[in-house]
Each structure stands twice: as structure tokens, then as C-alpha cells.
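Good morning, colleagues. Please bring up the sequence and the structure, and keep both in view while I speak.

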Amino acid sequence: MADLLSLQLRAAQGEKLAILTGYDASFAAQLEACGVDAILVGDSLGMVIQGQRSTLPVSLTEMAYHTAAVARGATKTLIIADLPFGSYQASPAQALQSASTLLAAGAHCVKIEGGAVMMETVAFLSTRGIPVCGHLGLLPQSVNSMGGYKVQGKTESAAQQLLDDAHALTAAGAAMIVLEAIPAPLAKQVTDAITIPTIGIGAGVDCNGQVLVLYDMLGITPGKPPRFTHNFMADTNDIAAAIAAYVTAVKQGTFPAEKHSFYTT
């Protein structure tokens with residue numbers, strides 16, 4: 001059974017962590033067989049499973065349902081589950097109740113979006129034995145206030161704020177931090193500055209690990225794929241081989257390449 005402490009140690013020793021999203025038992029079993037380090041039950045299921053326009057409509061009940069399905073399919077892999085919009089922002093007590101629901105469903109860690117504003121919640125959960133993965137940069141649950149799915153941290157002030165937020169989450173007891181859609185040099189700066197693993201998605205190769213939406217890396221998400229993803233199915237024509245190729249590419253540092261990354265100039 002993979003545990004969070006072992007993943008943190010492996011990242012500290014220089015091993016890259018390969019993570020993919022998963023939403024059901026069949027894919028979870030395949031992900032585990034192909035050696036992913038963790039499975040993220042993402043609220044991205046709202047878009048790739050339900051056909052929603054954003055992650056916002058996803059409920060806690062739905063997250064628990066998919067988390068339980070993944071846990072039944074992958075019994076030896078670390079499972080991280082998103083706390084959905086509206087299930088943790090009101091208070092630390094609300095976050096505890098929601099996180100407890102997902103842990104009871106089979107998650108080992110919960111992910112929440114936001115920086116210093118979430119310090120109290122992160123500390124409240126972590127001191128009560130609930131590991132927390134932070135999420136900075138592009139925050140899909142804040143897409144309306146961010147003006148869409150845009151690269152974050154491009155200005156000097158925004159970059160400094162993101163770095164400050166990473167320090168704040170670390171101090172609050174976060175176990176790791178997802179960095180989404182930020183310039184690669186900034187992601188490297190954050191990774192070098194904090195003591196917990198960073199997991200990039202559109203954040204360059206220098207993060208301690210990478211995560212992609214499973215359907216994106218299999219090339220089956222409708223519409224134009226994000227710049228930061230790659231269709232590994234096109235290289236292999238087999239699901240298991242595509243997943244294994246992704247794991248290998250992350251471990252070897254060949255994914256993401258420069259074409260998958262963002263820069264300020």
C-alpha cells in the first residue's frame with residue numbers, strides 16, 4: 001500500500017511522481033496496474049464524465065460515489081479526492097465534515113483550492129489526521145472570478161502572491177501542492193522554496209511530480225485539448241501502454257516538454 005509519507009520521501013530523494021485522475025473502478029485498476037503513484041478523484045468529473053461546462057455543479061455526494069468506486073478498483077494506490085465547490089469554504093468545521101465523507105468513501109487525502117485564505121482550514125484538517133493537498137495557480141472552482149481558464153502568476157506581484165501562498169499552505173501543514181497553469185520558472189521557484197512536493201499540471205518539468213486528466217492524456221476529451229497535455233494513446237494505440245508511457249515519461253523527466261509549458265515572455 002502506497003502511503004503519503006513514502007511519496008513525500010521519494011519526491012525529496014528526486015523521484016518524479018506520476019499521478020492521473022480516475023473516476024471509476026475499471027480505470028482505477030488499470031492505473032494501479034500501470035504503476036501510477038496516486039490517483040486523483042478530481043471534480044473534473046463534472047466536465048469529462050457529466051458533460052458540465054465547469055467543475056462547479058459537482059456535489060459532495062457525487063464525489064463520494066466516484067471515490068468509493070476508485071477505492072474498490074485500486075486497493076494499493078494512494079487516493080486523493082477533491083473537495084467540491086461549496087463543501088469546505090464556509091468554515092473549517094464544514095471542511096472537516098466533508099473531508100470525513102470522502103475519507104469514509106476510501107480517499108486517503110483531500111484536495112482543496114486556494115492559498116493563504118485556506119490556512120486555517122488546512123491546519124484544522126491536518127491536525128485532525130486528515131492529509132490535505134493544496135491547489136494554487138489556475139483554480140477551476142474560481143473560474144468565474146478569474147475570467148476563464150487562463151495562465152496565472154504571470155506578473156511579478158501575482159508570482160510573489162503565489163509563492164507566499166505556497167509558503168502559507170506549507171506552514172499550515174499541507175502534504176503537497178498542485179500547481180496548475182503557471183509559468184514554468186515560477187513553478188521551479190516554488191518547488192525549490194518549499195519542503196513538500198509540488199505536482200504540476202501545465203507548470204513545467206521542474207515540479208516534483210505531474211498530474212493530468214486521464215481522458216486528456218488518452219485523447220478522448222471532446223474539443224481542443226489543453227496545451228499542457230499530450231495524447232499518449234496516439235503513440236501506443238493501447239490504454240494500458242498509454243498509461244505506462246505517461247508514467248515512464250514523467251519518471252524520466254521527458255514529460256512535460258517545453259511545448260507543454262508556459263512562460264512569461
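This is a predicted model: local features need pLDDT of at least 70, side-chain atom pairs count only at pLDDT 80 or more; totals for chains, interfaces and linings use all residues.

Let me begin with helix H2, which covers residues 25-33. Three of the residues in H2 are buried, namely Phe27, Ala28 and Leu31. How do these buried residues fall when H2 is seen down its axis? They lie within an arc of 105°, and therefore line one face of the helix. On the face turned away from that buried side, H2 carries the exposed residues Ser26 and Ala33.

The surroundings of this buried side come from several parts of the chain. Two strands pack against the buried residues of H2, E1 (17-21) and E2 (38-41). Helices H4 (60-73), H10 (214-217) and H12 (239-252) also pack against them.

After the helix comes Gly35, which has a positive phi, near 90°.

I turn now to helix H9, residues 184-193. Its buried residues are Ala184, Leu186, Ala187, Val190 and Thr191. Viewed along the axis of H9, these residues fall within an arc of 160°, so they too line one face of their helix. What packs against the buried residues of H9? The partners are helix H8 (156-172), strand E6 (176-180) and strand E7 (198-201).

Next, the backbone. As a reminder, most residues other than glycine have a negative phi, and most peptide bonds are trans.

Ala181 is found in the loop between E6 and H9. Its phi is positive, near 50°, although the residue is not a glycine. Is Ala181 buried or exposed? With a relative accessible area of 4%, Ala181 is buried, because the cut-off for that class is under 20%.

Asn237 also has a positive phi, near 65°, and is likewise a residue other than glycine. Asn237 lies in the loop between helix H11 (233-236) and H12. Here the relative accessibility is 67%, and Asn237 counts as exposed.

Pro256 is found in the segment after H12.

The largest pocket has a volume of about 770 Å³. Its lining comprises 33 residues, and those nearest the centre are Met47, Glu180, Asp216, Pro226 and Phe228. Helix H3 (45-48), E6 and strand E8 (209-212) are the elements that give two or more residues to this lining. Sorted by class, the lining of the largest pocket holds 18 nonpolar, 7 polar and 8 charged residues.

For the second largest pocket, the volume is about 210 Å³. It is lined by 13 residues, with Gly137, Leu139, Met146, Gln152 and Asp165 nearest its centre. Which element gives the most to the lining of this second largest pocket? That element is H8, with 4 residues. Strand E5 (132-137) also supplies at least two residues of the lining. By class, the lining of the second largest pocket has 5 nonpolar, 7 polar and 1 charged residues.

That concludes my presentation, and I thank you for your attention.

Conventions
Residues are numbered from 1 along each chain as its sequence is written. Side-chain values use heavy atoms; hydrogens and water are left out. Buried means under 20% relative accessible area, exposed over 50%, partly exposed in between (1.4 Å probe, protein chains only). The arc is that of the directions from the helix axis to the C-beta atoms. Contact means heavy atoms within 4.5 Å. On a 1 Å grid over the protein atoms alone, a cavity is a set of points where a 1.4 Å probe fits but cannot get out, and a pocket is an open set with protein on both sides within 12 Å along at least five of seven lines; lining residues have an atom within 4 Å of a point. Grid points are joined across faces, edges and corners, and a volume is the space filled by probe spheres set on the points. Ala, Val, Leu, Ile, Met, Phe, Trp, Tyr, Cys and Pro count as nonpolar, Asp, Glu, Lys and Arg as charged, and the others, Gly among them, as polar.
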